[in-house]
Amino acid sequence: MARKRSSGAVSQQERMRWFHKARFGMFVHFGLYAIPGRGEWVMYRERIPTDEYAKLADRFNPKKFDADEWVSIAKQAGMKYMVVTTRHHDGFCLFDSQVSDYKSTNSPFGRDLVAEYVTACRKAGLKVGFYYSLLDWRFPGYFERDKYPDSAKAMVRQVHQQVEELMTRYGRIDVLWYDGGWVPDLPHERQAGFWQSKKLNNMVRRHQPHILINNRSGTNEDLDTPEQHVTASDPGRGWESCMTIGDSCGWGYIRNNPNFKTVPQLIQNLCRAAAGEGNYLLNVGPKPDGSIRNEETSRLKAIGEWVDTYGEAIYDSQRCDLPAGQIGLWTRKGNDAYLCIFRWPGKEAVVPLVGAKVKSATLLGEGKRLKVRQEHNGRLVLSGLPVRPPMKPANVIKVRFASEPKPLTETDKAAWLEAKA
Ligand code: FHN
């Protein structure tokens, strides 16, 4: 149990502990926008007037919505937490907000979807994350602050009221995932002032001392959020790459989405995040009936089967800067490093510049001990591999080192030519 300071605050290191162990989470974008099936930005991109778009609420009745099903798909994929849209840019709440009539409890669905998601998540032992959009397109003051100052103020007031509802009415929340902090014609450095983010996040942390907050309310808080790419933050800074399985143009359901990432691509992204001591938040966009499409569930199932065998290379991973060339990449846990192989090299794997003594090497999955040869310039040769890759999407060799594995510094960059140390 994390220790609380007398002020009630919990150190960032304590708060980040579960997050570093988790490494992999599910993002869920669901709302009225699933009904037209042209992505979560359809209202804005097609300039659908507020009243016309709001008619979708009269059709919101996801009869196949089953929070336990969503959570089960995430858990089977090897995901340890979820982040679900409580309200996206269109303003429609999936929770029973007392400061808005535009909500799932006022639709034919008639239920607080967020409450059911929280219950299912906790029951399955997953951590609970809330996505919340600061901006709300229904407020003219969002687009024209100076022309509609009262509307802009009302939108900010809604943020503070609804975030406090989310922080006080659903028990312990583990991640607050802000989005939509950008404001037209307002420089980034002035966003926090516009949303009164310091006051907002002080309130959040008062109610939820353990919570992790991302960097999208205009203040850095706990987590960087690279989107649709996997890029590590500086050592010591928490980060999480969020990504769609389908085309990057849509996080909400796109009925005729022609492109979905392959399982190897998705597993490589997960490994890349773990190698950089970051997390991978992989998104699904449920259909209007609340079920998750096969193109997403099939990939998540395949990832789960891979993680079942190789999860020790991912969960609780630490940063690893060993080079691996075109073969793949390294993750690390103390003095153990995991060579995640995306392109099978054949009977032996050769990696350069390994600056630590190897004690043993094992092909995970088969548990086969490999022959180890350490040569000049930190060149490591691992042999005794099968000619064909044991498992399709990616394979892992666990290498136990005598000390923390770090890259060798090449004092003479030409020495390897003559096989000199
Ligand atoms: O505009 C949103 C978008 O709809 C989606 O929610 C992504 C997820 O990170 N965030 C914003 C785009 O950066």
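L282 touches F24, G25, M26, F27, M79, M243, T244, I245, L266, L300 and I303, with residues up to four places away in sequence not counted; contact means heavy atoms within 4.5 Å. The model is predicted: local features need pLDDT of at least 70 and side-chain atom pairs pLDDT 80 or more, while totals for chains, interfaces and linings use all residues. Residues are numbered from 1 along each chain as its sequence is written, and side-chain values use heavy atoms, without hydrogens and water.

Strand β8 covers residues 279–284, and six of its six residues are buried, so the rest of the structure largely encloses β8. Buried means under 20% relative accessible area (1.4 Å probe, protein chains only). Strands are DSSP runs of E with at least two residues, and helices are runs of H or I with at least four, numbered from the N terminus. N279, L281 and N283 lie on one side of β8, and Y280, L282 and V284 on the other.

| Strand | Residues | Sense | Bridges to β8 |
|---|---|---|---|
| β1 | 24–28 | parallel | five |
| β7 | 238–244 | parallel | five |

V28 has V284 as its bridge partner in β8, and M243 has L282.

L282 is also among the residues with the most contacts inside the largest nonpolar core, which has 100 residues. Such a core is a set of buried Ala, Val, Leu, Ile, Met, Phe, Trp, Tyr and Cys residues joined through side-chain atoms within 4.5 Å. Helix α10 supplies the largest share of this core, eight residues.

Definitions and conventions:
Buried means under 20% relative accessible area, exposed over 50%, partly exposed in between (1.4 Å probe, protein chains only). Two strands pair if DSSP finds at least two bridges between them.
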